[in-house]
Amino acid sequence: MNKQAIDPITLEVMRNAFYSIADEMIVALIRASYSTNIKDRRDASCAIYTSTGDVVVVAQSEIGTPLHLGTMQSAVRSAMEAYPFDGLKPGDAIAMNMPYPAGPGHLNDLCLISPVFYKGEMIAITANQAHHVDMGGFAPGSMPFGVREIFQEGLQIPPIKLFRSGELEPELWSLISQNVRPQVEVKGDLLAQYACNVTGSRRLSELMDRFGTTTVSTYLKEMISYSERRMRAALKKVPKGKYKYEDVIEGDGITDNPYMIRVEIESRGDSIKVDFSKSDDAALGPINCRWPSVAACVYYVFKAILDPELPPNAGAYRPFEIIVRDGSVLSAIYPMSVCNANIITTQRITDVLLGALAEAIPEKIQAACSGTMNLLNIGGTNPRNGVLYNYIETYAGGQGAMHDLDGMHAIQSHMTNTRNAPVEAIEAAYPLIVEKYALIPDSEGAGEYRGGVGLTRILRTLGDVQLTLSSDRASVPPWGLFGGEPAKPSKCEVIDSKGNKMGLPSKVTTSIPNDRVIVTETPGGGGWGIPSMRDPQDVRSDVLDGLVSIERAHDVYKVQIIPETLEIDEDTTLKLRDNCNRF
């Protein structure tokens, strides 16, 4: 079938069929997984590729993270270089987790890649990437601070045939299991990843039965060309010119030295050059990136602001020229440590891209979101059963405001898309007690449109634990735009049985004794526009909702709230009847 024979109606039918298959794949992974991080938080993504390794379709449901979806392309290519895929057999699957030379952003993100065969011919590839709760290494969760080399971070898995003809290779699993702490969860999640790929293979075969190999293969390739055309058309919305911005990461867990991320964007009409070469040299600690993670951030930002409905695939990536400097914090050289770049550095890459584009297309750009995934890794031996465990969660923060919209509260933004772990799931699975989980009043970036507020979670340890905190924006808060104010920064502290508080740096791995309280606060989102221009009724609503105090309304928004009565309704909700006016 040649290009002239492409039918737009059939293209739409096939596009939705491909998306349905990808969505069913990720549902299979979630339902079959063992760890709270995947089955509840849904820290996983999946996609379908052509037989030559070009990504065509990614899961379009609410599950899946932009970072995974951007780095899987390089992981698939690396696997194909290591194994001639036409020599593989049905039921085979290749696993890898190495960021070097090109692959997932850190060792926890294990990618599983499966060839899809139809009547003896390989016609596509299915792949998924999931964050495993532990991959061994220096500390529970495999994302420690204080390390300088990837060898200290955990088990490195180059492309290997982990499943052969539908069976998990026992010798390879024995090697992996000996290097990870929660072996049951890791094995369960690996088997769920395999089930995900098998689901995709079956559904693609059924599609071939219905439409034929030639039609399905043709429209897989046409999807790529379709996305390229749409992305090039969208890029024309960015005025031609050069736009610069820079932002900072607050240390690397070894030193407090700031690391600057710098970008220059050159809009060329239907193509874009994105140059990060002036960013600082690589860090001593594990905040360094590899280029696939940088590329994932670029693809995400331009799709999100220019054409959110555009199918993200290899065609959408073609209009971009991305430049990084080897030896910099965005292009580390083996064996430099990288494990926390996903959590911190990728969010800052996104911030500088948005900051640069605010000059070009301000109506499309939001103020800074929380700017970090705010990760906690808590691990040790469960006193209930003597089994090693690791609890991992990234805590949401405030979303940045836009020119016509307030930011949302306590939401994962940009390069992550995970859910929160329910309190009941945490307490059932781990020796932890959740004493508080709430929004933080007055943490928003004030503005005509205000940013969202951050959240706090208070955990009590039941047993000695090792804690890794991976955060940022503790001293340089998320910025506002066009007169909008920055948000409240992050904070974490530990409280002992006598009430003594010990503040923690934003990047640390440390031991915490039994019966201690860990208090985490995430940043809010930056504001947009001058706070005194905010509609007084919107300020009043924020006060009623407990998001903004009466004092902050007066001092920052210049709105006087005059309480008339404070009453408790039948639902014991505090209500404020008031007059409000600008002064």
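Which hand does the crossing of helix 1 and helix 5 have? It is right-handed. I'll come back to that pair in a moment. One caution before we go on: this is a predicted model.

Two packed helices are described by the angle between their axes and the distance between the axes. Helix 1 covers residues 8–32, and helix 5 covers residues 183–211. Their axes come within 8 Å. They cross at roughly 155 degrees. Angles over 145 degrees count as roughly antiparallel, so that is what helix 1 is to helix 5. Who makes the contact? On the helix 1 side, the residues include Val13, Met14, Ala17, Phe18 and Ile21. Further along helix 1, Leu29 and Ala32 also take part. On the helix 5 side, look for Gly188, Ala192, Cys196, Gly200, Leu204 and Phe211, among others. Glu24 of helix 1 and Arg203 of helix 5 are on the contact list too.

Helix 7 is residues 291–306. It has 16 residues and spans 23 Å from first C-alpha to last. The expected figure is 22 Å, at 1.5 Å a residue, and the model comes close to it.

Now its partner. Helix 9 runs over residues 341–360. The axes of helix 7 and helix 9 come within 10 Å and cross at roughly 45 degrees. The two helices are therefore oblique to each other. This crossing is right-handed. Helix 7 brings Ser293, Val294, Cys297, Val298, Tyr300, Val301, Phe302 and Ile305 to the contact. Helix 9 answers with Asn342, Thr346, Ile349, Thr350, Leu353, Leu354 and Leu357.

Helix 9 also leads us to a sheet. It lies across strand 8, strand 9 and strand 10, and runs at about 145 degrees to strand 8. That sheet is open, with four strands in the order 8-9-10-11. The pairing is mixed. Which strands stand at the edges? Strand 8, residues 241–250, and strand 11, residues 320–323. Each has a single partner strand, so one side of each is left without a neighbour in the sheet. From one strand to the next, the twist averages 15 degrees. Strands 8 and 9 run antiparallel, joined by ten bridges.

How many of its seven residues are buried? Six, so the rest of the structure largely encloses strand 15. Seven bridges join it to strand 14, and the two run antiparallel. Ala438 has Thr456 of strand 15 as its bridge partner.

Technical notes:
Residues numbered from 1 in each chain as written. Predicted model: local features only at pLDDT ≥ 70, side-chain atom pairs only at ≥ 80, totals over all residues. Heavy atoms only, no water. Buried < 20%, exposed > 50% of the residue type's maximum accessible area, 1.4 Å probe, protein only. Pairing = 2+ DSSP bridges. Axes fitted to C-alpha atoms, helices over the stretch in contact; angles between N-to-C directions. Contact = heavy atoms within 4.5 Å. Expected span 1.5 Å × (residues − 1). Parallel < 35°, antiparallel > 145°, perpendicular 65-115°, else oblique. Left-handed = near helix turned anticlockwise from the far one by under 90°.
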